[in-house]
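Please look at the model shown here and read the report alongside it.

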Amino acid sequence: MNNVYVYCELEGTTVADVSLELLTKGRKLANQLGCQLEAVAAGTGLNGVEKQIIPYGVDKVHLFDAPGLFPYTSLPHSSILINLFKEEKPQICLMGATVIGRDLGPRVSSALTSGLTADCTSLEIGSHEDKKAGKTFENLLYQIRPAFGGNIVATIINPEHRPQMATVREGVMKKEILDENYKGEVVNHNVAQYVPQTDYVINVIDRHVEKAQHNLKGAPIVVAGGYGVGSKENFNLLFDLAKELHAEVGASRAAVDAGFCDHDRQIGQTGLTVRPKLYIACGISGQIQHIAGMQDAGIIISINNDENAPINTIADYVINGSVEEVLPKMIKYYKQNTK
Ligand SMILES: Cc1cc2nc3c(=O)[nH]c(=O)nc-3n(C[C@H](O)[C@H](O)[C@H](O)COP(=O)(O)OP(=O)(O)OC[C@H]3O[C@@H](n4cnc5c(N)ncnc54)[C@H](O)[C@@H]3O)c2cc1C
């Protein structure tokens with residue numbers, strides 16, 4: 001009762017990174033609240049799947065294992081969470097802001113009339129004083145996310161309804177195992193008690209999963225280009241440098257919108273969040289929506305022809321010059337020095 005729950009997304013029997021990131025965050029929230037962290041996993045052939053989950057500090061794993069629960073379909077997974085939450089009454093439920101989380105979260109929150117904040121960039125515990133009603137609410141989940149086009153950061157609370165639900169994009173939270181030998185309980189639920197047969201109305205007979213074209217999220221070095229790169233052709237300079245450095249290429253939204261680079265490489269609030277050791281920002285001004293996706297990089301190098309570009313204030317090194325001039329030199333000297 002009153003615990004923190006994380007819905008674990010599965011690809012086959014592998015727990016998604018975003019869920020492991022949320023378990024890490026969930027553990028911290030549960031510590032602050034003095035409650036337990038519980039996880040829900042629903043799929044097919046889940047024997048042993050808890051071994052991926054418990055080391056993140058999970059006290060209880062609710063397993064729902066039945067044919068028809070993988071691949072994900074909306075109705076059975078919604079019924080599982082809705083009926084389980086009616087019994088368990090969690091205070092918080094977190095899930096990935098993924099295709100699945102975006103489908104599942106609103107269904108569950110609507111059925112439980114709980115409210116949901118999508119795409120949170122930070123989650124904290126705090127209190128709220130409702131001066132009008134003369135009430136103070138303790139230990140609320142602060143669901144923090146950019147609002148009004150990123151111009152403000154809003155803190156959203158849900159004082160009176162439970163669970164407090166939030167989705168978070170992959171990469172926003174850090175994934176960290178708490179203890180490989182953490183002791184957690186596993187509860188194997190009788191799926192038929194939670195999911196009516198009529199929920200299996202969709203039968204997935206074939207699935208085509210596109211392989212990712214890049215590994216931006218896990219790359220130790222990212223060379224990112226902005227509108228200042230100027231053209232799709234100039235972006236090739238970034239790919240050349242990335243090849244030398246064994247890096248991945250990212251882009252700002254302005255560069256993507258201009259057609260310089262593919263959309264799946266966009267970094268920022270409405271793109272990917274990356275945490276590389278080195279981030280080389282080429283012709284990027286550093287608007288808040290971009291910074292949101294790369295500010296945790298270890299070292300930031302900014303290449304910009306405007307010495308007052310906002311990104312320079314968070315950069316560790318600033319190269320004042322044009323991308324066309326600086327990048328060929330970087331490639332040339334890097335090649336020379338590594339010969
Ligand atoms: C709701 C919302 C969500 C958004 N989400 C994102 C997001 O996820 N990611 C994102 O990136 N943006 C996002 N944006 C857009 C964001 O506000 C900025 O418009 C965008 O980040 C600007 O991209 P930029 O820095 O490449 O372009 P600009 O702001 O145009 O900056 C170009 C920079 O290049 C420099 N420059 C110009 N020519 C050269 C040259 N030859 N050599 C070197 N430097 C040069 C300029 O001095 C300038 O600093 C979002 C906006 C909104 C409203």
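## Aromatic rings

Phenylalanine 235 has a relative accessibility of 0%, so this residue counts as buried. The model in which this value was computed is a predicted one. Phenylalanine 260, at 11% relative accessibility, also counts as buried. These two phenylalanines form an aromatic pair: their ring centres are 6.3 Å apart, and with 45 degrees between the planes the pair is tilted. Phenylalanine 235 belongs to helix α5, whereas phenylalanine 260 sits in the loop between α6 and β15, so the pair ties together parts that are 25 residues apart in sequence.

In total there are four aromatic pairs in the model. In another of them, the ring centres of tyrosine 227 and phenylalanine 260 are 5.9 Å apart and the planes meet at 15 degrees; the pair is stacked because planes under 30 degrees apart count as such. Tyrosine 227 is found in the loop between β13 (221–225) and α5 (232–245), and phenylalanine 260 in the loop between α6 (253–257) and β15 (278–282), so this pair ties together parts that are 33 residues apart in sequence. Is tyrosine 227 buried or exposed? Its relative accessibility is 56%, so tyrosine 227 counts as exposed. Through ring pairs, Tyr227, Phe235 and Phe260 are linked into a cluster.

## The seven-stranded sheet

Seven strands make up an open sheet with parallel pairing, in the order β7-β11-β6-β1-β4-β5-β12. The edges are held by β7 (116–120) and β12 (185–188); each has a single partner strand, so one side of each is left without a neighbour in the sheet. On average, neighbouring strands of this sheet are turned by 20 degrees against each other, direction ignored.

Strand β5 (residues 60–65) runs parallel to β12 and is joined to it by four bridges. Within this pairing, leucine 63 has asparagine 188 of β12 as its bridge partner. Three bridges connect β1 with β6, again running parallel, and here valine 6 has leucine 94 in β6 as its bridge partner. On to β11, β6 makes five bridges, and these two strands also run parallel. Leucine 94 has alanine 166 as its bridge partner in β11.

How many of the residues of β6 are buried? Five of its five residues are, and the strand is mostly covered. Both faces of β6 are covered, with Ile92, Leu94 and Gly96 buried on one side and Cys93 and Met95 buried on the other.

## Helices across the sheet

Helix α1 (residues 17–33) lies across β1 (4–8), β4 (37–43), β6 (92–96) and β11 (164–168), and runs at about 175 degrees to β1. Helix α3 (residues 74–88) lies across β1, β4, β5 and β6, and runs at about 150 degrees to β4.

Serine 79 is part of helix α3. Its relative accessibility is 13%, so serine 79 counts as buried. Leaving out residues up to four places away in sequence, serine 79 touches Leu84, Tyr194, Val195, Pro196 and Asp199. Alanine 192 is placed in the loop between β12 and β13. With a relative accessible area of 64%, alanine 192 is exposed. Alanine 192 and alanine 66 are 126 residues apart in sequence, yet their C-alpha atoms are 8.9 Å apart in space.

In soluble globular proteins, nonpolar side chains tend to be buried together. The largest nonpolar core of this model has 33 residues, of which Leu23, Ile53, Leu94 and Leu123 touch the most other members. At least two residues of this core come from each of β1, α1, β4, β5, β6, β8 (122–130) and β11. Helix α1 supplies the largest share, six residues.

What is isoleucine 53 in contact with, leaving aside its neighbours within four places in sequence? Its contacts are Cys8, Val15, Leu23, Ala39, Ala41, Val58 and Val61. There is also a second, separate core of 25 residues, including Ile221, Val223, Val256 and Ile280.

Notes: Residues are numbered from 1 along each chain as its sequence is written. This is a predicted model: local features need pLDDT of at least 70, side-chain atom pairs count only at pLDDT 80 or more; totals for chains, interfaces and linings use all residues. Side-chain values use heavy atoms; hydrogens and water are left out. Rings of Phe, Tyr and Trp (its six-membered ring) pair if their centres lie within 6.5 Å; planes under 30 degrees apart count as stacked, over 60 as edge-to-face and the rest as tilted. Buried means under 20% relative accessible area, exposed over 50%, partly exposed in between (1.4 Å probe, protein chains only). Two strands pair if DSSP finds at least two bridges between them. Axes are lines fitted to C-alpha atoms, for helices over the stretch in contact, and angles run from 0 to 180 degrees between N-to-C directions. Contact means heavy atoms within 4.5 Å. A nonpolar core is a set of buried Ala, Val, Leu, Ile, Met, Phe, Trp, Tyr and Cys residues joined through side-chain atoms within 4.5 Å.
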